[in-house]
Amino acid sequence: MTELNKIVPCLWFDTQAEEAANFYVGVFDDARILKVTPYGPGLHRPADAVLTVDFEVQGQQLTALNGGPEFTFSEAFSLQVLCDDQAESDRYWYALTADGGRESRCGWLKDRYGFSWQVFPRELNDLLGDPDPARAERAVKAMLAMGRIDVAQVRRAADAG
């Protein structure tokens, strides 16, 4: 039996669960497919069609479900990718927006499946929460004007006071 965490986000797809899970495993380091479960006989899809894919990305377990077209993703749920530096942030940003993904604001994006991610360097949290309120405000204003986060630009804005 595959051991899963007690809380595992489940991403509802129409029919692209396996394709999406393979995409995510290809984008992120330390990622792997854990288990693929078919629908089985007597259900509303062919018995050999994929029902779920359990996968792991950097220690976070997720499930991709082929549930049908009834539900779609929204920005109300996203996964955050906290990156150690700008290079890592850019690598994930460009990989997740490739081939039909869309940039949004403040480090948010939608991947080619319409799922929302927040990608930003860890240093951004320190800049936005700076103990100097004026410095933090300048950092927030700079971030709000961005799609992809450029932490050096946010830092320059915070320091320009």
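Among contacts in the protein chain (heavy atoms within 4.5 Å) between residues at least 6 apart in sequence, 59% join residues at least 24 apart. The model is a predicted one, in which local features need pLDDT of at least 70 and side-chain atom pairs count only at pLDDT 80 or more, while totals for chains, interfaces and linings use all residues. Residues are numbered from 1 along each chain as its sequence is written, and side-chain values use heavy atoms, with hydrogens and water left out. Of the 161 residues in the protein chain, 43% are buried; here buried means under 20% relative accessible area, exposed means over 50%, and partly exposed lies in between, with a 1.4 Å probe and protein chains only. Taken along the principal axes, the C-alpha atoms fill a box of roughly 65 × 30 × 25 Å.

The chain contains five helices and eight strands, which follow the pattern β-α-β-β-β-β-α-β-β-β-α-α-α along the sequence. Both kinds of element are DSSP runs numbered from the N terminus, helices being H or I runs of at least four residues and strands being E runs of at least two.

Strands of a sheet pair through backbone hydrogen bonds, either parallel or antiparallel. E1 and E4 pair in the parallel sense over four bridges, and Phe-13 stands opposite Asn-66 in E4. Strand E3 (residues 50-57) and E4 run antiparallel and are joined by six bridges; in E4, Gln-61 is the bridge partner of Glu-56.

Strand E1 (residues 10-13) has a covered face made of Leu-11 and Phe-13, and an uncovered face with Cys-10 and Trp-12. Cys-10 is partly exposed, its relative accessible area being 46%. Leaving aside neighbours within four places in sequence, Cys-10 is in contact with Thr-63 and Leu-65. The C-alpha atoms of Cys-10 and Gln-61 are separated by 9.3 Å, although these residues are 51 residues apart along the chain.

Thr-63 lies in strand E4 (residues 60-66) and is buried, with a relative accessible area of 11%. Not counting residues up to four places away in sequence, Thr-63 touches Val-8, Pro-9, Cys-10, Leu-11, Thr-52, Val-53, Asp-54 and Phe-55. The side chains of Thr-63 and Asp-54 are joined by a polar contact of 2.8 Å. A polar contact is a pair of N or O atoms within 3.5 Å; within protein, one must be able to donate a hydrogen and the other to accept it, and residues adjacent in sequence count only if both atoms are side-chain atoms.

A further open sheet has four strands in the order E5-E8-E7-E6, again with mixed pairing. Its edge strands, E5 (78-83) and E6 (102-103), each pair on one side only. E5 and strand E8 (residues 116-121) pair in the parallel sense over six bridges, with Gln-80 opposite Gln-118 in E8. Helix H2 (residues 86-97) lies across E5, E6, strand E7 (108-110) and E8, running at about 160 degrees to E8.

In helix H4 (residues 133-144), the end C-alpha atoms are 16 Å apart, which agrees with the 16 Å that its twelve residues should span at 1.5 Å a residue; the expected span is 1.5 Å times one less than the number of residues. Ala-136, Ala-139, Ala-142 and Met-143 of H4 are buried. Seen down the axis of H4, its buried residues fall within an arc of 125 degrees, so they line one face of the helix; the arc is that of the directions from the helix axis to the C-beta atoms. Helix H3 (123-128) and helix H5 (151-159) are included in what covers these buried residues. The face of H4 turned away from its buried side carries the exposed residues Pro-133 and Lys-141. At the N-terminal end, H4 is capped by Asp-132, with a side-chain oxygen 3.0 Å from the backbone nitrogen of Ala-134.

Methods
Two strands pair if DSSP finds at least two bridges between them. Axes are lines fitted to C-alpha atoms, for helices over the stretch in contact, and angles run from 0 to 180 degrees between N-to-C directions.
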